[in-house]
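Visitor: I would like to learn how to read a few backbone features. Please take me through them.

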Amino acid sequence: MSHLPHDPNADPAHAELPRRGFFVRAAAVVIGLVVTVVPLATGLLFFLHPLVRKAKRPTGRPVTGADGYVKVTTLEALPSGGPPQRFTVYDDKQDAWNFFPHQQVGTVWLRRTDAGEIQCFNTRCPHLGCTVDYKSVEKTYFCPCHTSSFDLDGKKLNAIPPRGMDSLEVKVLDGNVLVKFENFRATTSEKIAVG
Ligand code: FES
């Protein structure tokens, strides 16, 4: 009886070993990738999120319509030749992380002239930023802080304010009055928007 040398490859159990080793290593690589890449990608997205969003909406600025106008009132609420009326302007706001719907962003004076023109002024005094009021008897705007006054067209009537009242762009759409609200730097003769 002859004894042939033992061939390990002829044993199916031995042939299975390298294949099993390959699958174990492949699985280890995949698991390693998942536990490394997923948290890394999540962290990266977390940090990039405000940057990505900033590209769509400037940080800290009101989130207005595409043209920057927000609805303030209806045309019906402003009778022709009527006195100026004060309105609060609301808009959505967003900073790097948070969205704040319907926030008060300022106040405006609105009136419709006899000719049907709609005038809009920011209520902030261009002198030092107090709120400009309206005197119905004199038909003038006035600021109680340092007694500045302005006519109905917003022109200054004394030397205290550096410029007239700050007019705002306004338009009528579907019976609504929309305003492009902005604030302007006080104390300067030039009208410089500050957001
Ligand atoms: S802040 Fe209005 S007059 Fe000074």
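Visitor: In which loop is D174 found?

Guide: D174 sits in the loop between strand 9 (169-173) and strand 10 (176-180). Strands are DSSP runs of E, at least two residues, numbered from the N terminus. This is a predicted model, where local features need pLDDT of at least 70, side-chain atom pairs count only at pLDDT 80 or more, and totals for chains, interfaces and linings use all residues. Residues are numbered from 1 along each chain as its sequence is written, and side-chain values use heavy atoms, leaving out hydrogens and water.

Visitor: What is the phi of D174?

Guide: About 50°, a positive value, although D174 is not a glycine.

Visitor: Is D174 buried or exposed?

Guide: Exposed, with a relative accessible area of 73%. Buried means under 20%, exposed over 50%, partly exposed in between (1.4 Å probe, protein chains only).

Visitor: What is the phi of T187?

Guide: Near 75°, positive in a residue other than glycine. T187 lies in the segment after strand 10.

Visitor: Now the sheet. How do strands pair?

Guide: Strands of a sheet pair through backbone hydrogen bonds, either parallel or antiparallel. Pairing requires at least two DSSP bridges between two strands. Here 3 strands form an open sheet, order 6-7-8, with antiparallel pairing. Strand 6 (133-135) and strand 8 (148-150) are the edges, each pairing on one side only.

Visitor: How many bridges join strand 6 to strand 7?

Guide: There are 3, and strand 7 covers residues 140-143. Take Y134: its bridge partner in strand 7 is Y141.

Conventions:
Helices (H or I, at least four residues) and strands (E, at least two) are DSSP runs, numbered from the N terminus.
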